Amino acid sequence: MKRVLIIHGPNVNLTGKREKEVYGDINYEEINNLIKREAAKLDIAVKIQQSNSEGEIINLIHSAENNFDAIIINPAAYTHYSLAIMDAIAAVSVPVIEVHISNIFGREDYRKTSVTASKCKGVITGFGPYSYVLALNAVKFLEDSIGG
């Protein structure tokens with residue numbers, strides 16, 4: 001069974017309460033339940049973490065080494081400027097998939113850049129909470145394509 005660390009970045013815990021026109025009505029608990037259901041279907045064990053702190057997110061990324069087979073991360077606002085999170089992603093050998101609930105490329109100009117994406121295996125953006133479902137399937141695809 002593959003082990004995947006899910007990292008929700010800042011304010012993701014407020015999903016369903018904030019900017020519903022951007023992030024939708026589904027709340028944080030429902031997103032996590034969706035992730036858990038899809039992971040069970042795919043025979044993937046998930047550990048779900050959320051932090052509003054850049055340093056804590058970096059520590060979570062570091063902790064994945066030798067403990068998880070992949071990371072799915074929604075860096076949220078840190079996507080656009082956190083070189084420290086980008087460096088942490090680059091420092092681990094674990095494949096990382098970046099996800100976003102909204103389509104960052106269809107939003108404000110400052111949100112159209114992801115400094116973290118260049119160190120990730122791939123990016124899934126704009127499919128609402130199903131971005132996480134697609135990312136879990138991508139992890140399964142990576143496993144199958146490399147004989148994992």
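How many strands form the open sheet, and in what order do they come? Hi everyone, let me start there: five strands make up this open sheet, in the order 2-1-3-4-5, and the pairing is parallel. Strand 2 (44–50) and strand 5 (122–125) are at the edges with a single partner strand each, so one side of each has no neighbour in the sheet. On average, neighbouring strands of this sheet are turned by 20 degrees against each other, direction ignored.

Before going on, some housekeeping. This is a predicted model, in which local features need pLDDT of at least 70 and side-chain atom pairs count only at pLDDT 80 or more, while totals for chains, interfaces and linings use all residues. Residues are numbered from 1 along each chain as its sequence is written, and side-chain values use heavy atoms, with hydrogens and water left out.

Helices (H or I, at least four residues) and strands (E, at least two) are DSSP runs, numbered from the N terminus. Two strands pair if DSSP finds at least two bridges between them. For angles, axes are lines fitted to C-alpha atoms, for helices over the stretch in contact, and the values run from 0 to 180 degrees between N-to-C directions.

Now the whole chain. There are five helices and five strands, and along the sequence they follow the pattern β-α-α-β-α-β-α-β-β-α. Of the 148 residues in the chain, 48% are buried; buried means under 20% relative accessible area, exposed over 50%, and partly exposed in between, with a 1.4 Å probe and protein chains only. The accessible surface of the chain comes to about 7,200 Å², and 50% of it belongs to carbon and sulfur atoms. Those areas come from the Shrake-Rupley method with a 1.4 Å probe, and for residues only the protein chains shown count as cover. Among contacts in the chain with a separation of 6 or more, 77% are between residues 24 or more positions apart; contact here means heavy atoms within 4.5 Å.

What lies across the strands? Helix 2 (residues 28–42) lies across strand 1 and strand 2, at about 160 degrees to strand 2. Helix 3 (residues 54–63) lies across strand 1, strand 2 and strand 3, and runs at about 175 degrees to strand 1.

Let's zoom in on Asn74. Where does Asn74 lie? Its place is strand 3 (residues 70–74). Strand 3 pairs with strand 1 (residues 2–8) in the parallel sense over five bridges, and Asn74 is the bridge partner of His8. Asn74 is buried, at 4% relative accessible area. Its side chain reaches the backbone nitrogen of Ala76 at 2.9 Å. That is a polar contact: a pair of N or O atoms within 3.5 Å, where within protein one must be able to donate a hydrogen and the other to accept it, and residues adjacent in sequence count only if both atoms are side-chain atoms. Leaving aside neighbours within four places in sequence, the contacts of Asn74 include Gly9, His100 and Tyr132.

Gly9 is in the loop between strand 1 and helix 1 (20–23), and is buried at 0% relative accessibility. Gly9 and Thr79 are 70 residues apart along the chain, yet their C-alpha atoms are separated by 9.1 Å.

Ser102 is in the loop between strand 4 (96–100) and strand 5, buried at 8%. His100 lies in strand 4 and is buried at 4%. Beyond its neighbours within four places in sequence, His100 is in contact with residues including Asn74, Thr79 and Ser131.

Last stop: Glu98, also in strand 4. Is Glu98 buried or exposed? Buried, at 0% relative accessibility. The side chains of Glu98 and Thr116 are joined by a polar contact of 2.6 Å, and the Glu98 side chain also reaches the backbone nitrogen of Ala117 at 3.2 Å.
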